[in-house]
Amino acid sequence: MNVHLRRAGVVAGAALAAGVMTVTTAAAAGPPMPDFRGKGLVRVFSGLDYRTRVDVHDTSGSDRHVLWPPSWKVCSQSPAPGKELAGQRVTIGVVKKGESCPG
């Protein structure tokens, strides 16, 4: 009878471990991508995990360098708002504040 109890404990432990692994995997998937369009570029950096790689580019067609984030606003983003962030690179298209987004 003692052998049966040990087997039951092993089976129950394995089932519990599988459940914990499932929760861990789901948590590692990450939060949904916020909608940054129309907001200041600084909001992107404060709204994402510091480990997220963010590539920023000027979408005005002038190919300007983005050196001072408070001077820029977001026009486009990838991944799209609501998509799950799972460690991938985030791409942000910006124009200077006061300019219109290309459309």
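Biologist: Which residues does Val 74 touch, leaving out those up to four places away in sequence?

Modeller: Val 74 touches Phe 36, Arg 37, Gly 38, Lys 39, Gly 40, Leu 41, Val 44, Ile 92, Gly 93, Val 94 and Cys 101. Each counts because heavy atoms lie within 4.5 Å. Keep in mind that this is a predicted model.

Biologist: What makes a set of residues a nonpolar core?

Modeller: The residues must be buried, be of the nonpolar kinds, and be joined through side-chain atoms within 4.5 Å. The largest such core here has eleven residues. Helix H2 (41-47), S2 and S3 each supply at least two residues. S3 gives the largest share, three residues. In soluble globular proteins, nonpolar side chains tend to be buried together.

Biologist: How do you know that S2 and S3 pair?

Modeller: Pairing needs at least two bridges. Six bridges join S2 to strand S3 (residues 90-96), so the pair qualifies. The two run antiparallel. Gln 77 stands opposite Ile 92 in S3.

Biologist: Why are S1 and S2 called edge strands?

Modeller: The open sheet has three strands in the order S1-S3-S2, with mixed pairing. S1 and strand S2 (72-78) each pair on one side only. Neighbouring strands are turned by 30° against each other on average, direction ignored.

Biologist: Is Asp 58 buried or exposed, and what decides the label?

Modeller: Buried means under 20% relative accessible area. Asp 58 has 10%, so it counts as buried. Asp 58 sits in strand S1 (residues 54-58). Not counting residues up to four places away in sequence, Asp 58 touches Asp 63, Arg 64, Val 66, Trp 72, Val 94 and Val 95.

Biologist: Why is the pair of Arg 64 and Asp 58 called a salt bridge?

Modeller: The cut-off is 4 Å between a side-chain nitrogen of Lys or Arg and a carboxyl oxygen of Asp or Glu. Arg 64 and Asp 58 meet at 2.8 Å, N to O, so the label holds. Arg 64 has 26% relative accessibility and counts as partly exposed.

Biologist: What joins the side chains of Asp 58 and Ser 60?

Modeller: A polar contact of 2.8 Å. The limit for N or O atoms is 3.5 Å, so this distance passes.

Biologist: How many salt bridges does the structure hold, and which residues do shared partners join into one network?

Modeller: There are six salt bridges. One links Arg 53 with Asp 55, with the closest N and O atoms 3.3 Å apart. Another links Arg 89 with Asp 55, at 3.1 Å. Both distances are within 4 Å, so both count. Through shared partners, salt bridges join Arg 53, Asp 55 and Arg 89 into one network.

Biologist: What makes the pair of Arg 89 and Asp 55 a tie between parts apart in sequence?

Modeller: Arg 89 lies in the loop between S2 and S3, and Asp 55 in strand S1, so the pair ties together parts that are 34 residues apart in sequence.

Biologist: Why are Arg 53, Asp 55 and Arg 89 labelled partly exposed?

Modeller: The label runs between 20% and 50%. Arg 53 has 49%, Arg 89 has 45% and Asp 55 has 22%. Each value falls in between, so each residue is partly exposed.

Note on methods. Residues are numbered from 1 along each chain as its sequence is written. This is a predicted model: local features need pLDDT of at least 70, side-chain atom pairs count only at pLDDT 80 or more; totals for chains, interfaces and linings use all residues. Side-chain values use heavy atoms; hydrogens and water are left out. Helices (H or I, at least four residues) and strands (E, at least two) are DSSP runs, numbered from the N terminus. Buried means under 20% relative accessible area, exposed over 50%, partly exposed in between (1.4 Å probe, protein chains only). A polar contact is a pair of N or O atoms within 3.5 Å; within protein, one must be able to donate a hydrogen and the other to accept it, and residues adjacent in sequence count only if both atoms are side-chain atoms. Axes are lines fitted to C-alpha atoms, for helices over the stretch in contact, and angles run from 0 to 180 degrees between N-to-C directions.
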